[in-house]
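Please look over the structure below together with this note, which takes up its points one at a time.

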Amino acid sequence: MKKILNTGLLIGFSGLAVLFFFLDPAKHTLFPRCIFNSITGYYCPGCGSQRAVHSLLHLDFAGVVSYNFLFIPAFLLILYHYLHPLFNRFLGWRLPNVLYNKSTPWIILGVVILFWILRNIPYYPFSILAPG
């Protein structure tokens, strides 16, 4: 069952990657708008992530950072989560998984909340954190 689920997720994410590669979320109405931003006018921590995915697939790292500054650290954390067991198994490393530390979720939550607050301050240098 786990193999079927992983295969389904891989197919689903691959399909989304192809969609995001060929269609720019900034130009197509197919992609949903942020509900939080539509209602309040403020940016949530995820605002700009769809455009950041499109930029990342085109290897436009400056675009990724301009759309959502937190996207690259989040992407690297997810990549670490999946590569960590592979490094330990195939390379014989004994790296601890820092994501399963007791304080890690609290640190991530604190960073996300701080980012959420700072990106909505309309003054320089905080205005740089706003998408696009």
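1. The second largest pocket holds about 440 Å³ of space, a volume being the space filled by probe spheres set on grid points that are joined across faces, edges and corners. A pocket here is an open set of points on a 1 Å grid over the protein atoms alone, with protein on both sides within 12 Å along at least five of seven lines, and its lining residues have an atom within 4 Å of a point. The lining of this pocket is made by 19 residues, and Pro32, Arg33, Cys34, Gly48 and Arg51 are those nearest its centre.

2. The model is predicted, so that local features need pLDDT of at least 70 and side-chain atom pairs count only at pLDDT 80 or more, while totals for chains, interfaces and linings use all residues. Residues are numbered from 1 along each chain as its sequence is written, and side-chain values use heavy atoms, with hydrogens and water left out.

3. In kind, the lining of the second largest pocket divides into 9 nonpolar, 7 polar and 3 charged residues, where Ala, Val, Leu, Ile, Met, Phe, Trp, Tyr, Cys and Pro count as nonpolar, Asp, Glu, Lys and Arg as charged, and the others, Gly among them, as polar. Helix H3 gives the most to this lining, with 3 residues.

4. The largest pocket has about 1000 Å³ of space, and of the 24 residues that line it, Phe13, Phe75, Ile78, Leu79 and Tyr82 are the closest to its centre. Two or more residues of the lining come from each of helix H1 (2–22), helix H3 (49–57), H5 and helix H6 (104–118). By kind, the lining of the largest pocket has 21 nonpolar, 2 polar and 1 charged residues.

5. The chain has 6 helices and 0 strands, helices (H or I, at least four residues) and strands (E, at least two) being DSSP runs numbered from the N terminus. Its C-alpha trace spans about 50 × 35 × 25 Å along the principal axes. Of its 132 residues, 20% count as buried, which means under 20% relative accessible area, whereas exposed means over 50% and partly exposed lies in between (1.4 Å probe, protein chains only).

6. Phe75, Leu76, Leu79, Leu83, Leu86, Phe87, Phe90, Leu91, Trp93 and Leu95 make a nonpolar surface patch of about 920 Å². Such a patch is made of residues with over 30% relative accessible area and no salt bridge, with nonpolar side chains (Val, Leu, Ile, Met, Phe, Trp, Tyr) joined within 5 Å and like charges within 9 Å; a salt bridge is a side-chain nitrogen of Lys or Arg within 4 Å of a carboxyl oxygen of Asp or Glu. One of the patch residues, phenylalanine 90, belongs to helix H5 (residues 71–90), and phenylalanine 90 counts as exposed because its relative accessibility is 62%.

7. Two places in the backbone deserve a second look. Most residues other than glycine have a negative phi, and most peptide bonds are trans. Leucine 59, although not a glycine, has a positive phi of about 60 degrees, and leucine 59 is in the loop between H3 and helix H4 (61–67). The peptide bond from tyrosine 124 to proline 125 is cis, with omega near 10 degrees, and proline 125 lies in the segment after H6.

Note on methods: Accessible areas come from the Shrake-Rupley method with a 1.4 Å probe; for residues, only the protein chains shown count as cover. On a 1 Å grid over the protein atoms alone, a cavity is a set of points where a 1.4 Å probe fits but cannot get out, and a pocket is an open set with protein on both sides within 12 Å along at least five of seven lines; lining residues have an atom within 4 Å of a point.
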